[in-house]
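Student: I'd like to learn how to read a protein model. Could you take me through one, feature by feature?

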Amino acid sequence: MPQFQTWEEFSRAAEKLYLADPMKVRVVLKYRHVDGNLCIKVTDDLVCLVYRTDQAQDVKKIEKFHSQLMRLMVAKESRSVPMETE
């Protein structure tokens, strides 16, 4: 299970994984108050991508990415449109 050190690498890999097979991808957000860590995991049962952070600025990036991904998942139009990530 690869754990990414930079947000940019993780977001590109997660977007690529989602666009490869949108019907199999799952996203899990997990927060541990004891450690102050937020973890986002994107998986399709074959590949599991993980990004962990304890930085407040990364939480905003994760929130934006997660909302864009959820919009793509519920959209009725083509699912092959790439997400706008920063």
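Student: Okay, is Lys61 buried, exposed or partly exposed?

Tutor: Before that, some ground rules. This is a predicted model, where local features need pLDDT of at least 70, side-chain atom pairs count only at pLDDT 80 or more, and totals for chains, interfaces and linings use all residues. Residues are numbered from 1 along each chain as its sequence is written, and side-chain values use heavy atoms, with hydrogens and water left out. Now, buried means under 20% relative accessible area, exposed means over 50%, and partly exposed is in between (1.4 Å probe, protein chains only). Lys61 has a relative accessible area of 33%, so Lys61 is partly exposed.

Student: What does Lys61 pair with in a salt bridge?

Tutor: The general idea is that side chains of opposite charge can pair when their charged atoms come close. We call it a salt bridge when a side-chain nitrogen of Lys or Arg is within 4 Å of a carboxyl oxygen of Asp or Glu. Lys61 pairs with Asp58, at 3.9 Å from N to O. Asp58 is buried, at 8% relative accessible area.

Student: Where do Asp58 and Lys61 sit?

Tutor: Both are in helix H2 (residues 56–74), and because they are three residues apart there, about one helical turn separates them. Helices (H or I, at least four residues) and strands (E, at least two) are DSSP runs, numbered from the N terminus.

Student: How many salt bridges does the structure hold?

Tutor: Four. Another one joins Glu63 and Lys60, with their closest N and O atoms 3.9 Å apart. These two also lie in helix H2, three residues apart. Glu63 is partly exposed at 49%, while Lys60 is exposed at 59%.

Student: Which residue does Asp45 meet in a salt bridge?

Tutor: Arg26, at 2.9 Å from N to O. That pair links distant parts of the chain: Asp45 is in the loop between strand E3 (37–43) and strand E4 (48–53), and Arg26 is in strand E2 (residues 26–32), 19 residues away.

Student: And what is the volume of the largest pocket?

Tutor: About 210 Å³. On a 1 Å grid over the protein atoms alone, a pocket is an open set of points where a 1.4 Å probe fits, with protein on both sides within 12 Å along at least five of seven lines; lining residues have an atom within 4 Å of a point. Grid points are joined across faces, edges and corners, and the volume is the space filled by probe spheres set on the points.

Student: How many residues line the largest pocket?

Tutor: There are 11, and Lys30, Arg32, Cys39, Val50 and Arg52 lie nearest its centre. The largest share of the lining, four residues, comes from E3.
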